[in-house]
Amino acid sequence: MFRGNHPARVDEKGRLKLPVEFKRPLTENYGSLFYITSKDGKVAEVYPLKEWEKIEEKLAAIPSFHPAKKKVMDRVNYYGQTAEIDAQGRLLLPQILRESANLMTDVVVFGMQNYLTVANHEDFKRNMESSPLTPEDEKELAGFGL
C-alpha cells in the first residue's frame with residue numbers, strides 16, 4: 001500500500017529518482033519492472049508491472065470494439081512505456097508524457113494504494129486549489145463509509 005506525498009526531481013535526462021519511502025517497498029514487493037502511463041497526459045501513473053497486468057486482464061475482458069475501451073487503450077498506449085528501475089533508484093519517464101505533463105524538474109510523487117502518480121508540483125497545487133473537495137464530494141464518499 002503506497003500512501004503520502006514525497007517531493008522529487010526529474011533530471012535533465014528525464015529520470016525520476018524514486019523517493020526512498022516508495023523505492024524500498026516497490027522493489028522488495030514487485031521487482032524492478034514498471035509500466036508508466038497516463039489517462040489524461042497531465043500526471044504520470046507508475047504501476048509495478050504486476051499491478052498493470054491486472055488492469056490488462058480486466059481490459060482484455062471488454063470487447064475490443066467498445067468505444068470506451070478504445071479511448072482508454074489509445075491513451076495508456078500513447079503515453080505508456082515499460083521501464084526498469086536502475087541501480088540508483090531512477091525510472092525513465094516517457095518523453096511524450098514528460099512534455100505533456102510538464103515533468104521536467106520539481107515533481108510530487110503520491111502513493112495511490114497500488115501505484116504512484118507523478119505530477120508537476122506547481123501544476124498540482126494550482127489544480128487542487130481550483131478544484132476543492134466539496135460538501136457534495138464528502139457526501140458521496142460518506143456513501144462508501146468514508
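Start by selecting His6. His6 touches Pro19, Glu21, Phe22, Val108 and Val109, leaving out residues up to four places away in sequence; contact here means heavy atoms within 4.5 Å. This is a predicted model, in which local features need pLDDT of at least 70, side-chain atom pairs count only at pLDDT 80 or more, and totals for chains, interfaces and linings use all residues. Residues are numbered from 1 along each chain as its sequence is written, and side-chain values use heavy atoms, with hydrogens and water left out.

Stay on His6. Its place is strand E1, residues 5-9. Helices (H or I, at least four residues) and strands (E, at least two) are DSSP runs, numbered from the N terminus. Is His6 buried or exposed? His6 counts as buried because its relative accessibility is 19%. Buried means under 20% relative accessible area, exposed over 50%, and partly exposed in between (1.4 Å probe, protein chains only).

Next, select Lys23. It sits in helix H1. Lys23 has 26% relative accessibility, so it counts as partly exposed. Beyond its neighbours within four places in sequence, Lys23 is in contact with Leu18, Ile85 and Gly89.

Finish with two helices. Select H2 (residues 49-60) and H3 (residues 67-79). Their axes come within 11 Å and cross at roughly 150°. The axes are lines fitted to C-alpha atoms, for helices over the stretch in contact, and angles run from 0 to 180 degrees between N-to-C directions. How does H2 lie relative to H3, and why? That crossing angle makes H2 roughly antiparallel to H3, because angles over 145 degrees count as roughly antiparallel. Show the side chains: Trp52, Leu59 and Ala60 in H2 meet Lys69, Val72, Met73 and Val76 in H3.

Methods. Parallel < 35°, antiparallel > 145°, perpendicular 65-115°, else oblique.
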